[in-house]
Amino acid sequence: MTLRRWIAVGAVAVATAAALNVAPAAAGHRHDPATQSLRDLAQRHGLYVGTAVDMAALANAAEPRYRELAGSEFSTVTAENVMKWESLEPTRGTYNWGPADELVDFARKNNQRVRGHVLVWHNQLPAWLTSGVADGSISKAELRQILRDHITAVVTHFKGKIWQWDVVNEAVSDPWDTPSTLHYKGFWAQNLGPGYLADAFRWARAADPKALLFYNDYNIEAFGSGNPADDKTQFVYDMVRDLQAKGVPIDGVGAQGHLGTQYGNFDTLQVLAALRKFAGLGLATAFTEVDVRSQITDGVEAGDSAEINPRLQASAANFSVLLKACLAERHCLSFTLWGFTDKHSWVPGAFSDPPEGLATVYDENYQPKRSYQELKADLIFAGPPYVLPRIPQRPRR
Ligand code: G3I
């Protein structure tokens, strides 16, 4: 049996088991929680469950299921790509608002909130910007002005329509980078120094007094050594604390949550401890890009259940760890998947040698996987005294 077939069979089996497991009295009962959407189940906790949205898939009339699920299962959406600099300002001073405005309009029609992604990142920058700096035609002083102009134009355009902005994304290196001691990495730090972080948050706040301003990064789901030289979470914690001490208007930290079943990852209490530590700074938190990829071995590709099922189970467990920790921390405001179907996931394109995939909660045929059911179960069975409604975050001036 092929991989797709196995996953379809697995998904049907899981869904059937879930349905059969429902007590007869509840089976088919209109309030049967197992038949409710992720967004409706999360609402009881005041939690927003979201997804990154691929605008091409959303517009594809041949795939109505994508649009249906994007609207029905989620209460917040993030532009996977169309709010990035290369998309919004492909030529200097000329903005392409169309695709992003379509997502904002989709969200309005589906009573959803919007996470703005992303004002400042070292990836997906337009060629006019990077080549201008490289050839010296854009000076450092001019680059800082260009950054200010971009942030001001974008935040002003979407003013009042963005719940949370990823103001700065992935500013911190990883222990496997060179040098291994953690440092500020990428185009903006190299050309403007780390001061660009404070600038970016201040300029974003000046353009929108109400949006929640987040720092967003990966591999910060739990603390490690506690030494900021090699513990990225600790480095980020120290960074945001220092920004706050300077009066920088930062409201939250987003942990992306890109996990893999081949890695050790974390337990729920470890992740909860990290969320609580950031909350101790008066910050909101969010999981912003959750997916759990697996290695597509020959056995997986061939449909060997002995290789597929452990990966589906491990994926579900990893999704659940992050959601349970978020539910238990009242300042964790949202839990966003980075795409919801294996048919439209960034993972296979980014991890091809060796191949990886199976990263989302619906398979390529839009059948819910074990991870989807596990998220539902977490939302259904969570409640007082350990899971209480979210505490709203007041935007810092
Ligand atoms: O727009 C071009 C298109 O014109 C061209 O024909 C096509 C083929 O080359 O490429 C298209 O650009 C692609 C872009 O997505 C838009 O679809 C790039 O090749 C592709 O590399 C890019 O990948 C995105 C990736 O960020 C880039 O780093 C993924 O879709 C997106 O899911 C991913 O998302 C990031 C978050 O923004 C930040 N956190 C990490 C996460 C995963 O990398």
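These legends accompany close-up views of a predicted model.

**View 1. The largest pocket and its centre.** The largest pocket has a volume of about 760 Å³. Its lining is made up of 37 residues. Trp 176, Tyr 218, Asn 219, His 258 and Arg 293 lie nearest the centre of this pocket. By class, the lining holds 13 nonpolar, 13 polar and 11 charged residues.

**View 2. Elements that line the largest pocket.** Helix α11 (232-245) and strands β7 (258-260) and β8 (284-295) each supply at least two lining residues. Which of these elements gives the most to the lining? Strand β7 does, with 3 residues.

**View 3. The cis peptide bond at Pro 179.** Most peptide bonds are trans. The bond from Thr 178 to Pro 179 is cis, and its omega is near -5 degrees. Pro 179 sits in the loop between β4 (164-169) and α9 (186-192).

**View 4. The cis peptide bond at Pro 385.** Here two prolines are joined: the bond from Pro 384 to Pro 385 is cis. Omega is near 5 degrees. Pro 385 belongs to the segment after α16 (370-381).

**View 5. Positive phi at Asn 111.** Most residues other than glycine have a negative phi. Asn 111 is not a glycine, yet its phi is positive, at about 50 degrees. The residue is placed in the loop between α6 (98-109) and β3 (113-120). Is Asn 111 buried or exposed? With a relative accessible area of 63%, Asn 111 is exposed, because the cut-off for that class is over 50%.

**View 6. Positive phi at Gln 124.** Gln 124 has a positive phi of about 55 degrees and is not a glycine. Its loop runs between β3 and α7 (127-134). A relative accessible area of 23% makes Gln 124 partly exposed.

**View 7. The aromatic pair of Tyr 48 and Trp 163.** The model has 16 aromatic pairs by the rule used here. In one of them, Tyr 48 and Trp 163 form a tilted pair. The ring centres are 4.8 Å apart, with 55 degrees between the planes. Tyr 48 lies in strand β1 (residues 48-53), and Trp 163 in the loop between α8 (140-157) and β4, so the pair ties together parts that are 115 residues apart in sequence. Tyr 48 is partly exposed, at 23% relative accessible area. Trp 163 counts as buried, at 15% relative accessibility.

**View 8. The aromatic pair of Phe 223 and Tyr 237.** Phe 223 and Tyr 237 form an edge-to-face pair. The distance is 6.2 Å centre to centre, and the planes make an angle of 75 degrees. Phe 223 lies in the loop between β5 (212-217) and α11, while Tyr 237 is in helix α11, so the pair ties together parts that are 14 residues apart in sequence. Phe 223 counts as partly exposed, at 22% relative accessibility. Tyr 237 is buried, with a relative accessible area of 12%.

**View 9. Lys 277 over two rings.** Which rings have Lys 277 over their face? One is that of Phe 223, where Lys 277 is at 4.5 Å from the ring centre. Another is that of Tyr 237, where Lys 277 is at 4.8 Å from the ring centre. Phe 223 and Tyr 237 are the edge-to-face pair of the previous view.

**View 10. An aromatic cluster.** Five residues form one aromatic cluster: Tyr 66, Phe 74, Phe 340, Tyr 362 and Tyr 372.

Note on methods: Residues numbered from 1 in each chain as written. Predicted model: local features only at pLDDT ≥ 70, side-chain atom pairs only at ≥ 80, totals over all residues. Heavy atoms only, no water. 1 Å grid on protein atoms, 1.4 Å probe; cavity = no way out; pocket = protein on both sides within 12 Å on 5 of 7 lines; lining within 4 Å. Points joined across faces, edges and corners; volume = space filled by probe spheres on them. Helix = DSSP H or I, 4+ residues; strand = E, 2+ residues; numbered from the N terminus. Nonpolar A, V, L, I, M, F, W, Y, C, P; charged D, E, K, R; others polar. Buried < 20%, exposed > 50% of the residue type's maximum accessible area, 1.4 Å probe, protein only. Phe/Tyr/Trp six-rings, centres within 6.5 Å; stacked < 30°, edge-to-face > 60°. Lys NZ or Arg CZ within 6 Å of the ring centre and 35° of its normal.
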